[in-house]
Every structure is written in C-alpha cells, then in structure tokens.
Amino acid sequence: MAAEGTSKKMMATQAEMVENRVPIPYRDQCAHLLIPLNKCRQAEFYLPWKCENERHTYEKCEYELVMERMLAMQKIREEEAKLKQGNKKGQPIPLIPNTANA
C-alpha cells in the first residue's frame, strides 16, 4: 500500500514498527530501513562512525521522499497559477474588491 502523494510502498507493517518501538513521526515509507539502523546503533553504542551504510540508505530514502513531495507541490502551484492566469484574461477588473463582500 503506497501512501498518498508518494510512489513508495510501506515495507514495514504497523506491528513491526510497534515491536521495534519506532517513534510515530518516523513511521513512513523509510521505516523498514530505520529498524535495522536503530538495532545497529544500539549494538554499537551509538558510535557515529559505525552503521554508516545503514544510515546512508535511510537518509537517502528520506531525501527521496522529500524531493518527491517538493515536486508534487511544485506541480500543484503551477496548476494554480495557470488557473489564475486563465481567470484573469477573460474577466474585467472588478470595481469592488472581493474582500469588501466578506
């Protein structure tokens, strides 16, 4: 099942995330990479130079999700700008602004 607005599928189930105590804000499409990363961190006493491969794959996944959301938002903004341009061309300038009717 893919989350709305992204092409990535959820690999980790809710039960796996609860069992591995993944915090709720981190339960996204990259949670399946966070689980082994956290296990490695605990095993290596959170030494920053350990678990580099796991951290890199997790951070890359998160980066791709952010970029995908940014592209989607950019498309939405472009569509809204086109709609505004289309509305402005055919209509005369109103004498009373819309805010006066509120």
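Glu-64 has a relative accessibility of 34% and therefore counts as partly exposed, a label for values between buried (under 20% relative accessible area) and exposed (over 50%), computed with a 1.4 Å probe on protein chains only. The model is a predicted one, in which local features need pLDDT of at least 70 and side-chain atom pairs count only at pLDDT 80 or more, while totals for chains, interfaces and linings use all residues. Residues are numbered from 1 along each chain as its sequence is written, and side-chain values use heavy atoms, with hydrogens and water left out.

The side chain of Glu-64 meets that of Lys-8 in a salt bridge, with 2.8 Å from N to O; the term stands for a side-chain nitrogen of Lys or Arg within 4 Å of a carboxyl oxygen of Asp or Glu. Because Glu-64 lies in helix 3 and Lys-8 in the segment before helix 1 (14-19), the pair ties together parts that are 56 residues apart in sequence. Helices here are DSSP runs (H or I, at least four residues), numbered from the N terminus. Lys-8 is partly exposed as well, with a relative accessible area of 21%.

By this rule there are three salt bridges in the count. One of them joins Arg-55 to Glu-59, with the closest N and O atoms 3.6 Å apart, and both of these residues lie in helix 3, four residues apart, or about one turn of the helix. An α-helix has 3.6 residues a turn, so residues three or four places apart point the same way. Another salt bridge links Glu-44 with Lys-50, whose closest N and O atoms are 3.9 Å apart.

The buried residues of helix 2 are Ala-31, Leu-34, Ile-35, Leu-37 and Cys-40. If neighbours within four places in sequence are left aside, Leu-37 is in contact (heavy atoms within 4.5 Å) with Cys-51, Glu-54, Arg-55 and Tyr-58. Arg-55, which also takes part in the salt bridge with Glu-59, is partly exposed at 31% relative accessible area. Just after helix 2, Phe-45 takes a positive phi of about 55°.

How values were computed:
Helix = DSSP H or I, 4+ residues; strand = E, 2+ residues; numbered from the N terminus.
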